Amino acid sequence: MRNRSNKTLMNEPNLTKITEISYQKLLNSLPQKIFIKDLNSNYIFCNENYAKDLGMKPELIIGKNDFGFYDKKLAKKYRNEDKRIISSGKAEDFVEKNIIDGNEYFVHTLKSVIKDDKGNVEGILGIFWDVTNELENRELIDNQQKFLESIFQGVSLPIFVIDVENNGTLKFNSINPAHEKLSGMTNDWIKGKSTKDLEEFITKAGVEHIEQRYNSCLEASEPIYYQEMIPMNGKETWWNTTLTPLKNKDGIIYRIIGTASFINEKITLEEEVKKYKEDLETLFKKRTQEIEKTNQALLKKISERKKIEKELRKNQVELKMNQLKLKLSIDASKIGIWDWNMEENSLSWDERMCQMFDLELNDVQNYENFISRVHQEDKERVNAEVAKAAETGIDFDTNYRIVWRNGTIKHIVAKGNFYYNKAGVPIRMNGICLDDTERFEAENKLKQEKERAQHYLDVAGNMFIVINKNQNVTLINQSGLKILEYENENEIIGKNWFENFLPKENIEEAKETFNSLINEKIELVDSFENDLVTKSGKLKTIAWHNSLIRNSEDEIIEIISNGEDITEKKKTAKERDLFFNLSLSFMAVANLDGFFKLLNPTWEKTLGYTLKELKSKPYIEFVHPEDVEITLKEIENLNKGIKAINFTNRYQTKDGSYRWLNWNAVPFGDLFYCSATDVTELKSNTLLLENLNKKLKSSNSELEQFAYVASHDLQEPLRKISSFLNIIENRYKDKLDEKGKQYIDFTVKGAERMKVLINNLLEFSRISTRGKEFLLVDSSEILNLTLETFSNTIEEKNAKISIQKNFPKINVDSTQIEILFQNLIGNALKFCDKNNPDISLKFKRKANFWNFSVIDNGIGIKNDYKDRVFIIFQRLHTREEYPGTGIGLAVCKKIVERHGGEIWFESEVGKGTTFHFTIPILSKN
């Protein structure tokens, strides 16, 4: 089941844009659920929020259908919807009720087909958003309207509603039953009538007087109050009338609400009081003359008469007020009536007031009883408003909170009037109260929803703006402020969008298009791009998606736009295109159906075909016949979502020759993006190198065989020479003189040196060809074996050998490393012109190498010999001075190089020599 989602402002995207990675990221960042299916209802895209509801990652949903995620009945329903929409080609917009964990939710669903550039249907798009709160708020508003209607119908105060038309004409909208009862008119009769039509009930002069009052209200643009006599049905009728203008959001008055109270009884009472006062004044004048004669007696009588007068007025007013309260209490079930005698500080409430304030009737005694129930935070304000109304004579009209005994907070709307004595001192106040808690909570909830929606807009990465039909901005989120480089929304709200934020050269055209759209002369464009001017004067490119906002009469009143700042993306796209076109590599976008979609100029330059020729036929036709099978296999892998890495095949050029191309390709939807490098020369060089390696390997094998044969064939004659010379020496030594014996000795020693030379030469040739596998060995063990070999020499020469502790383990051919140490240590013992040789063996780590050192105090090596030391057969001394063949250090160099290291020396004649060589810490065989 699809869960709740926030309403999206995004229109239907073009399918081809889904291939843009940036657009996919945008869809994933939105909180709504979005998917795209192919014509078989298989998913080809869904954003992360949709996948999250199914408990999966998007890639696990792609390629599957609804039967893999929903129960069979629901999946079948979705499949039928898809078929219906694909068949009709029309979008469907509907609300579904879902039940999750026992709770009802309402989901608004929008499904539409997606077409290619030729208008062919290629898939279906689905978007979901939650409308539960919207429906709940609508119900609250309906209830509020019903509540207000019940007040309109039930209150005993006459109420009438007048509509102000565009040309200024006044038309009656409705009157309530209380007005019908007093005026004799009916709501059905008066609806749609003008003031002129009232002449049937009121005199012409009365009608003109009423029109003047209504026009005064329109001119003042604020509530007005007046008391007047209107002849009605041949009788004089006195009325207290209040006219309140209602304005729309543009400040234009569109309606007048009027209330009227019939005050004939009040006027009669006032006339009686006036006549009584006149009688009293006459009597007072008469009595004044008598006062001069009997001052004390008259003063007493005057005092008594004033008391009687005051009591009489009080009783008469209270009688009328009690009658009025009784009548209002009966008529108005939801309005509480109150009366405050300020002289005595006595408070009178009806039963409805007591219920409203959570008080018993006998608990209401005075003003303090009332104010004790007012919320602590509102008390000071209410007291100040009462005092101000009493001082100025302006009607008391306010709202405040009260607190019940159980802690419940209620919101009250209160209205009242003051009555004054002859001296202008307020003596009485009465009025009505209405429990406004339900409306306040509904409005507060709507306010919270609005603030939450504003919060969602503010945290969104895109710009959101609302423009009314007057071209003025009515809403902008924080991202919009940031993009336009403003800090406060008041710098933008209320301003003309086109005149303040578009380049001058684009203003008129944009205005004309906007007005045509508002007047529905053209259709809404789903998406477009244009430039905006920021506060600093910079230009930024914005990609827009738009939606229309209509009123209850289906008139367009506002446009809401979702804008993405693509300035850097445009710049990046230009740089990307520049790179694409200037790249020396082969760049391409291809379909899995076998055709190139996009190619860079390198194709033309290298293969000789035009780009049109390359895109006109399947790319497999350019592939060498021997490479077709492996190429199709790679395409099949790409179709499965497997990347192609370092894949090589041959492409035919226009002149019929072939070029070797090395490919890397990545699949994305039904496309794959690829780059290739021309490796024809490298391939030719590789083949040449392979042939040379084969020849070299064959040559090395022949050389090794030759060395073995040569050493065997050369050593056999030497053995014979040595044997025959030994026989001659043994048989004829008595017959040979000293010279003959010396010649025989020279010949035998020469044969032995030749044998050693041949063996060393054979050993040198086999370092690379007969080396053993590299193994991890302890270099200290190799040193110990070497030193055992020289134990007699060390003892004879009384040599001092110093070895650093903890020689490392190394990955080497241990036999060759032993030969290396033997040659270096042997040379240190040999090339010393004095006894007590001092030899040190050390090591240290340097980067990724072990650096070994053999240090002696021998004769040293001249700097002139630096380039000759490691060359085979290069001797620095005569055999008489120091025996040897001149191969030892050449062998050392070849062993070190085989292990991937280097060998060198530092020397000072007469003071000694230090030989260094390195072995990689991670050496390879």
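First, the ground rules. Residues are numbered from 1 along each chain as its sequence is written. Because the model is predicted, local features need a pLDDT of at least 70 and side-chain atom pairs count only at pLDDT 80 or more, while totals for chains, interfaces and linings use all residues; side-chain values use heavy atoms, with hydrogens and water left out.

I will start with salt bridges. By salt bridge I mean a side-chain nitrogen of Lys or Arg within 4 Å of a carboxyl oxygen of Asp or Glu. By this rule there are 30 salt bridges. One of them joins lysine 77 to glutamate 96, with 2.6 Å between the closest N and O atoms. Lysine 77 sits in helix α4 (residues 72-88) and glutamate 96 in strand β3 (residues 92-100), so this pair ties together parts that are 19 residues apart in sequence. Helices here are DSSP runs of H or I with at least four residues, strands are runs of E with at least two, and both are numbered from the N terminus.

Are these two partners buried or exposed? I call a residue buried under 20% relative accessible area, exposed over 50%, and partly exposed in between, using a 1.4 Å probe and protein chains only. Lysine 77 has 33% relative accessibility, so lysine 77 counts as partly exposed. Glutamate 96 is buried, at 14%.

Next, arginine 650, in strand β23 (residues 644-652). Arginine 650 forms a salt bridge with glutamate 626, where the closest N and O atoms are 3.0 Å apart. Glutamate 626 belongs to the loop between α20 (611-616) and α21 (628-639), so the pair ties together parts 24 residues apart in sequence. At 15% relative accessibility, arginine 650 counts as buried, whereas glutamate 626 is exposed, with 60%.

Arginine 650 also forms a salt bridge with aspartate 627, at 2.9 Å between the closest N and O atoms. This pair again links distant parts of the chain, with aspartate 627 in the loop between α20 and α21, 23 residues from arginine 650. Here both arginine 650 and aspartate 627 are buried. Elsewhere, salt bridges that share partners join Lys37, Asp66, Lys77, Glu81, Asp82, Glu96 and Lys111 into one network.

Now a helix, α24, residues 779-789. Its buried residues are Ser779, Ile782, Leu783, Thr786 and Leu787. Why do they lie on the same side of α24? They cover an arc of only 135° around the axis, which puts them on the same side; the arc is that of the directions from the helix axis to the C-beta atoms. In general, an α-helix has 3.6 residues a turn, so residues three or four places apart point the same way. The face of α24 turned away from the buried side carries the exposed residues Glu781 and Glu788.

Last, the surface. A patch is made of residues with over 30% relative accessible area and no salt bridge, with like charges joined within 9 Å and nonpolar side chains (Val, Leu, Ile, Met, Phe, Trp, Tyr) within 5 Å. Asp197, Glu199, Glu200 and Glu208 form a negative patch. Glutamate 200 lies in the loop between α7 (187-190) and α8 (204-220), and at 59% relative accessibility glutamate 200 counts as exposed. A nonpolar patch is formed by Leu688, Leu689 and Leu692. Leucine 692 is in helix α22 (residues 680-732), and at 46% relative accessibility leucine 692 counts as partly exposed.

Technical notes: Areas by Shrake-Rupley, 256 points an atom, 1.4 Å probe, with all protein chains shown as cover. Lys, Arg positive; Asp, Glu negative; His and termini not counted. Charge placed at Lys NZ, Arg CZ, Asp CG, Glu CD.
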